[in-house]
Amino acid sequence: MTEPTSKKQEISRRDFLKISGVTGATAALLGNMHEVFAKTQNTLAASGEGSYFQASPESIIYGECLQCNTQCTVKGKIQDGVLVKVDGNPYSPNNMMTPLAYDTPLKESALVDGKLCPKGQAMVQTQYDPYRIVKVLKRTGKRGENKWQVIPFDQAINEIVNGGKLFADAGEDRVVPGFKDVLATKDAKVISGLSADAAAVTGGKMKLDEFKTKHAAELDLLIDPEHPDLGVRNNQFVFQAGRIEPGRNNFAQRFTLNSFGSKNWYDHTTICEQSHHIGYTYATAQYSGGKWATGPNHMKPDTINSEFVIFWGTSPFEANFGPTIMSEAVTKAVVEHGLKYAVVDPRMSKTAAKGWWVPVQQGGDLPLALALIRWIFENQRYDTKFLSSANKAAALAAGEKSWTNATWLVKLDDKGHAGTFLHGSDLKLVEKKDETSADGKTVTTTWVTPDGVVFKIDPFVALTAGSPVLVDPADDKNSVTGDLLVKTAVQGINVESSLQLLLDEASAQSMEDWAKLAGVDLSTITRLADEYTSHGKKAGVEFYRGAVQHTNGYYTAQALVALNILIGNIDWKGGLSKGGGGWNAIGNADKPFDLGADHPGKLGAFGIKVTREGDTYQKTTLFTDYPAKRPFYPYTSNVYQEIIPAAYAQYPYPVKILWLHMGTPGLAAPAGTEQIKMLQDTDKFPLFIADDIVIAETSMYADYLFPDLTFVERWAFTSAPPPEPIKNIRVRQPMTAPVPEIVKVDGEEMPISMEAIMIAIGKALNLPGIGKGGFDKHGDLNRPEDYYLRGVANIAFGDKKDAADAVKDADDAEMEIFRKARAHLPKAVFDEQKWVAIVGESLWRKVVYVLNRGGRFDSPANSYSGAFQAHPFASLMNIFVEPIGSGINSITGKPFSGVPHYEPAQNSTGVPVNNKDYPFSVVTYKEVVGCQTRTISNYWTQGGTGIVPTNHVLINPVDAKPLGLKDGDVVKLTSSTNPNGTFDLGNGHVETVKGQVKMTQTARPGSVMVSFHFGHWAYGARDVVINGQTVKGDPRRNVGVCSNPVLLLDEGTKTTCLTDPIGGSASFYDSKVKLVKL
Amino acid sequence: MTKEASLLDKYASEAFAGLVSPVLDDLNISLAPDDDLTKEDALVRMTAELKRALEKPASERRWVMVIDLRKCVGCTSCTVACIAENKLPPGVVYRPVTIEEIGTYPNVSMKFLPRPCFQCDNPPCTEVCPVTATYKNEEGIVVIDYDKCIGCRSCLNACPYGARTFDYGMTYTQATPDGFDFILGQSKADDYELMANSEYGENRVRKGHVSPVGNARKCHFCLHRIKDGMLPACTSTCIGRATYFGDANDSTSMVAELINKPNAIRLKEELGTEPRVYYIV
């Protein structure tokens, strides 16, 4: 940090009156007041005498928040080198309903501060947290004992790379494997050869013996030669990220997958809202080449132009994606356009307080959604015209942008299960033809009708007025409109239309029974359905984690997407939007830099991930019979809660090195405290390293803890979040000097960070794609800027090959502002000569233009086109999801459903969750000031002194009174898998899950509500010993309660929480507890 | 008002008038292209109106704040923006937001009420000050002369709206660890709260018992921002776009439009305090 000056330089009004030689306020003084102020304010004004420093662009650096994953664009105000205030970026639609034009001069935009939520503003206190770690810590006691010593960065890298008896001083005689030991091979050809043949083995094209013979010399590179599909031993390095974001995750994937060659790269999405994403990504999947390719994972109602929106299990005023963007769209639409909205949630959120609150019962989301669907069918309130369009041509003819598979026929097997679509070939309406090109190199397959009509795919089939018609979804010439509700046999094959299958599932229960399961009055359901379907296309359902962090989360997501599809709101202004999109930062062959493909010696990791995500059990060599030893997750990714338990179970294989990056599964995952026990096992986790900004709840168990940069101090680039119809991409850049120590990595000075560690490991092991010649065409990868600045250059260059889409050059005045605004940054962070060299002279001024605005933002005038979104999805939406309908649960052996199917909360075994004797559903939620675990350091807003100083166990008085509970009573929470309501932190520390009762009418009876953000046992809440000196914890951080430790464990795995077998989401909302007064 | 106060008042407003940033002279916020959907952002409009108001003599401006309670989402962005802007310590809050639960399940709701200083035209707080440290300046803002304030807290009791708090000299980072080279530590962490703050266009550092420590403190509509053409921090940051600010004497201003409606009310009107903060209900 630079030494602040004005802190030491006290100038009160009295002082400056003295300075000016005047002892009182006299008329004579008034004349030169301007001058007096100008002089005394020099420390305030970075330039421009007489102006408040915040009004000067030289005091401003535009960056990006990461207090939550919305990643709002921000305007950082720097006073004498210190970030003192953070506002919204006025160029960005994130912070202004109508942002300033992109070419607004910097001195004008300096005067306009955009909006920003309180959590974002409190980033100042995340940045300047007294508990931020500065140097590398190595444990000297047992794991989690919190006894550390500081070691030099180089020594730490040397030890983790080379391994050895690293903890002899701590009494451990074991030899710890280093990265060099886990790196079985860095030969890309060997890996691709093994990968291809392992696929041949699992695909039945090669016998295992043949494989072993062919690769006899390489078998020792594999984790298990009997199971070549597990991949090479490089996979025994696991990178597990809590907080990571686009840009940085590209960098980390480059290292993990393609420089080190491990398949085990993860972020944390399943403890957020993954089943929401999986719901969308399959609803938007497109069919081509005989396969389904998943589509966008996030769409949202265009609230500002909507007439009725249902916010389901989410509160846009407090969380979602996120309050800064979404709040004004709601409030403005409500007050100025008459928007009405409902909020489905057992908890009355702040959003619900201002709308129509529908207090659903915990776990009642899917029944409520299916009840609405049933009502819509029974009352024929679905959009027939939209749903009848079976392909693109029909959509165009109907005046739509998108179309659906509602009319496509699905085959029923002999048990009546709808698994796969009916194709033209099933009815012998087409014949497959392979044509080999003249040079014999390529084979083109087509399907041809007897009339000579040629299809590029084996066409799907719909009925039109009862007769089969062939469907190519992408065909924009030959319109097919199909019959909607079909249940028949065609040529002896039992079929139903997709829409009929949805109707079947919605009809599985009577309206009364659905209402009972939902815990919502039938009359309310009817009113809600009626209202929702009374606004044409100007309505929508928005949902987030509350609706989907259930074991039936994917089906719930699918049902809620279906509610949007049924009213045909896709792509309409006021309907469902996929957002404005952005520019490409990673690059491709047509851009100045190709940060993905340009990777000489790219290893291309392969193999089954330790979480078994993305792989189908039946297609692996591990398949014998049901159940699998632990569940496979073929449809999802980043199954965060399962990484450590899987490694602990050593299934499908043991892990040697775990790198936990900015993550805290022990605190943030349901029943995550179980993982704390596992991490203390040095046999199962021989080397455990972490990088973090503080010593946190899980990183405190690491062997080596590296300081990381905050999002205030570093780089990334993130595309626009979906609520924004305006095309944009944001850039995160260093706003302050770094807190972590500046070290030399192979001669390059840089602060310690995730990137610095990766570069240092890469250089120590001479890994491909890092260091000198790290890029084939673009030079070296010696420092973070070599990667990130080139991404910025790609953004500045635009997406047109001829640079027709490039931004302007920064003029001389802007260049000067750029330099002055960064005068406080050390050379290890900002070095203009280096930066110019990285992107090249020709792009440099364009890069500065983008950095001076914190990203690239299109004109809002390009958001809509007539009655439609200007950036429409304009593709197929799926009611029936074939990849899932044709899949089989790896534990139960039962098929999944292609349409939303109601099942109650259940264990991985298919056995319903046991909440017997536990009366209260736990509803966790986020306050607007908090994120899950990283805002306790924000004393303005949390941390015992802030606006929300602590949390409570919130309960309705009708539940509290019979238990004799009153405000302030301390209760313990217990559950069927944590009947003692405790958790063991190891080393003799057993804690109780307890909190203070507070009664509230905002809780649905039968539930207790506990916010996240509190109940910390580390993160500055606990004493630690470093170099023999005790660093005292701050009691303000050791407040409140976290209910995660009592959320239910899955009875199948016994080590992981309840999990959605399709979406992979960790269940936060299927657990019930008892309250025990202490 | 005493002669001295009136003089100081004059000095303050003249000083601010003279301090209009040179940047403002050629302020010409370029608007995004306007079509049916992309109207001028409220912040842009109000910033332009602010510039216009600053071109007038101070005595001809009438600063008012309007808070549309229908749009308030109870987020406390304004509270935090104010704390950061004015480097307020624990216990000093210029703009709290009261959150009140009303009703009985299932007929339940919440009321959100942001409460800045109402800059009353008949302020009960100023007349109780024994040393005339607090007074209404020419632009109608109730200000505090920290150097004169003796910290008696009479004004805290006199304000019917509870808009004043007292600076006990605390910091948010106090009692956090310090003196280690392996963690950041308090003395390197606390710059953001101890650096000079800009209230009243001054350059004060809170330290020991030096003012404003030991003084009454209150909202001043961010006079130091206004003088440079910037809206008050609470107004800029409002994520529900519920807060508006401007010159009510400018009949074309947004605030003038808003306050002359039947749904505009003022708190405790019956006290005759004539607040300059209006709520839209």
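I looked up Ser719(A) and found it in strand 29 of chain A; strands (E, at least two residues) and helices (H or I, at least four) are DSSP runs, numbered from the N terminus. The model is predicted: local features need pLDDT of at least 70, side-chain atom pairs count only at pLDDT 80 or more, and totals for chains, interfaces and linings use all residues. Residues are numbered from 1 along each chain as its sequence is written, and chains are lettered from A and ligands numbered from 1 in the order in which they are written.

Is Ser719(A) buried or exposed? I recorded Ser719(A) as buried because 21 C-beta neighbours lie inside 10 Å (buried means 20 or more other C-beta atoms within 10 Å, exposed 12 or fewer, partly exposed in between, with C-beta atoms placed from the backbone).

I then listed the contacts of Ser719(A), leaving out residues up to four places away in sequence: Pro246(A), Gly582(A) and Ile729(A) (contact means C-beta atoms, placed from the backbone, within 7 Å).

Three strands of chain A form an open, antiparallel sheet in the order 29-30-35 (strands pair if DSSP finds at least two bridges between them). Strand 29 (716–719) and strand 35 (855–857) are the edges, each pairing on one side only.

Three bridges join strand 30 (residues 728–732) to strand 35 in chain A. Arg730(A) stands opposite Gly855(A) of strand 35.

Conventions: Contact = placed C-beta atoms within 7 Å.
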